[in-house]
Amino acid sequence: MAQGAARTARQVAVVAVLAAAVAGFLAVAAVRHGFFDLKVYYGALHFWVHDGGEIYDYLKPGTQYGFTYPPFAALVMLPMAYLPWPAAITVSVVATVLVSTVLIGWLVEPVARRQGWNRWFVLAVALCLAAAFEPMRETVNFGQVNMLLLFLVGVDLLRLLPRGNRWAGVGIGLATAIKLTPGIFIVYLLVTRRFRAAATAVGTAAAASLLAGALFPNASREFWTTALWNTDRVGELAFVSNQSLRGVVARLDPEHPSTLLWLALVLVALAVWAWRSRAAAAAGDETAGLALTGVVMCLVSPVTWVHHLVWLIPALILLVDDATAAPAGSRRRRALLAFAAIGYALLCSRIVWLWEKDFSGVDGFLGSNVYVWISIALLVLLPVASRPAYRSSTSSTGGRPPASGTG
């Protein structure tokens with residue numbers, strides 16, 4: 001008992017020191033955005049509900065930014081129109097922290113179990129590291145919804161789909177109705193032949209969109225016919241914060257970015273993703289499927305701001321998971337841990353912002369796209385079904401997905 005108490009005391013001390021170090025780092029490195037995006041949502045909803053305007057006509061004063069999400073997102077956010085501003089901030093931060101805690105807890109659970117570590121300790125360390133992660137701190141400081149969407153998708157892929165639950169797909173459908181980009185997870189379900197879950201996701205997204213259309217016909221008409229196609233509302237494609245393949249191409253020639261080159265790169269990325277995702281699904285490795293699809297979504301989306309890169313969190317944790325499954329002291333373990341550490345460190349560093357004003361030249365091409373290079377490396381090199389549980393399940397099913405993972 002005394003030994004256990006001493007171990008707990010050491011773990012508490014480690015977490016306390018790490019939390020203090022992260023707090024110090026954030027005090028120096030974190031950029032304060034004043035909940036800019038949340039102010040856009042808040043202003044648009046007040047303009048719509050209290051001032052009688054159309055939600056997609058609203059622009060934040062002095063900016064070109066307006067409400068860009070589908071009408072169902074407006075329905076979900078509608079209570080914000082009746083909250084005071086401090087309460088809206090509180091709800092945004094608390095919701096992000098809660099869903100992040102649950103999702104990261106699911107992702108690190110295999111590491112804790114395999115290593116025989118206390119789950120609370122592993123989760124606490126992971127949350128401290130997540131707080132220092134630039135996409136996470138940007139998500140919180142902007143008041144963004146990224147982690148809420150990742151959580152909805154994670155419920156499906158990490159909890160419902162592996163158990164063959166008939167409700168698998170609802171989370172992906174809701175996430176897609178709130179913001180269109182998670183719709184790539186519907187494609188993931190189709191590519192990996194989980195047609196029942198894909199149908200559930202499509203049905204959920206359609207039902208949510210139709211509900212919003214019935215309640216807000218004018219707003220829905222404006223979004224689907226006008227606002228959706230107005231790319232000026234989301235910002236400059238060549239801006240260094242756009243860490244997608246489209247951003248890479250735009251920074252090569254900001255005045256005349258090549259759409260053909262971008263589409264060619266997208267097709268290559270999707271081909272690699274489909275091949276690797278099918279391998280993950282064949283082994284029942286839904287965590288790898290979640291990770292790979294989150295990575296490719298960031299690559300192929302026309303706009304992937306830095307805060308969108310929270311979708312890389314499952315991939316980075318999966319690297320650590322795979323590393324702990326490798327033999328202690330092995331080259332594989334060292335390589336995977338190095339990959340995870342370097343990727344994480346760069347994604348905490350704000351390194352791309354060194355080229356914010358000038359991304360010309362070879363150094364500009366390499367440096368302003370560092371986060372894209374990390375995403376590409378994860379897409380190509382992320383281990384799939386290499387942990388012991390998946391190696392055994394693959395051999396026992398002849399390379400087919402376990403029964404609980406189909407649908």
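**Close-up views of a helical chain**

**Figure 1. Valine 384 in the loop between helices H18 and H19.** Valine 384 sits in the loop that links helix H18 (370-381) to helix H19 (388-396); helices (H or I, at least four residues) and strands (E, at least two) are DSSP runs, numbered from the N terminus. The model is a predicted one, in which local features need pLDDT of at least 70 and side-chain atom pairs count only at pLDDT 80 or more, whereas totals for chains, interfaces and linings use all residues. Residues are numbered from 1 along each chain as its sequence is written, and side-chain values use heavy atoms, with hydrogens and water left out. With a relative accessible area of 19%, valine 384 is buried; buried means under 20% relative accessible area, exposed over 50%, and partly exposed in between (1.4 Å probe, protein chains only). Residues up to four places away in sequence not being counted, valine 384 touches Arg276, Ala279, Ala280, Asp285, Ala288 and Leu292, where contact means heavy atoms within 4.5 Å. Alanine 283 is 101 residues from valine 384 along the chain, yet their C-alpha atoms are separated by 8.5 Å.

**Figure 2. The whole chain, as context for the close-up views.** The chain contains 19 helices and zero strands. For its 407 residues, a compact globule would have a radius of gyration near 22 Å, and the 21 Å of the chain agrees with this; the radius is taken over C-alpha atoms, and the globule rule is 2.2 Å times the number of residues to the power 0.38. The C-alpha trace spans about 65 × 50 × 50 Å along its principal axes. Of the 407 residues, 51% are buried. Among contacts between residues at least 6 apart in sequence, 74% join residues at least 24 apart. The accessible surface of the chain comes to about 17,900 Å², and carbon and sulfur atoms account for 69% of this surface; accessible areas come from the Shrake-Rupley method with a 1.4 Å probe, and for residues only the protein chains shown count as cover.

Figure 3. Arginine 7 belongs to helix H1 (residues 2-29). Its relative accessibility of 31% places arginine 7 among the partly exposed residues. Apart from neighbours within four places in sequence, arginine 7 is in contact with Gly116, Trp117 and Asn118. The side chain of arginine 7 reaches the backbone oxygen of glycine 116 at 3.1 Å.

**Figure 4. Glutamate 222 in helix H11.** Helix H11 (residues 217-225) holds glutamate 222. This glutamate 222 side of the view shows a buried residue, with a relative accessible area of 17%. When neighbours within four places in sequence are left aside, glutamate 222 is in contact with Glu54, Tyr56, Asp57 and Ala227.

Figure 5. Phenylalanine 35, a residue other than glycine, has a positive phi near 55 degrees. Phenylalanine 35 is placed in the loop between H1 and helix H2 (36-49) and is buried, its relative accessible area being 18%. Arginine 350, also not a glycine, has a positive phi of about 60 degrees. The loop between helix H16 (331-346) and helix H17 (361-367) contains arginine 350, which is partly exposed at a relative accessible area of 21%. Most residues other than glycine have a negative phi.

**Figure 6. Alanine 208 in helix H10.** Alanine 208 is part of helix H10 (residues 195-215) and counts as buried at 6% relative accessibility. Beyond its neighbours within four places in sequence, alanine 208 is in contact with Phe72 and Ala177. Between alanine 208 and threonine 176, which are 32 residues apart in sequence, the C-alpha to C-alpha distance is 9.5 Å.

**Figure 7. Arginine 334 in helix H16.** Arginine 334 lies within helix H16. A relative accessible area of 51% makes arginine 334 exposed. The C-alpha atoms of arginine 334 and threonine 324 are separated by 9.8 Å, the two residues being ten apart along the chain.

Definitions and conventions. Polar contact = N/O pair within 3.5 Å; in protein donor to acceptor, adjacent residues only side chain to side chain.
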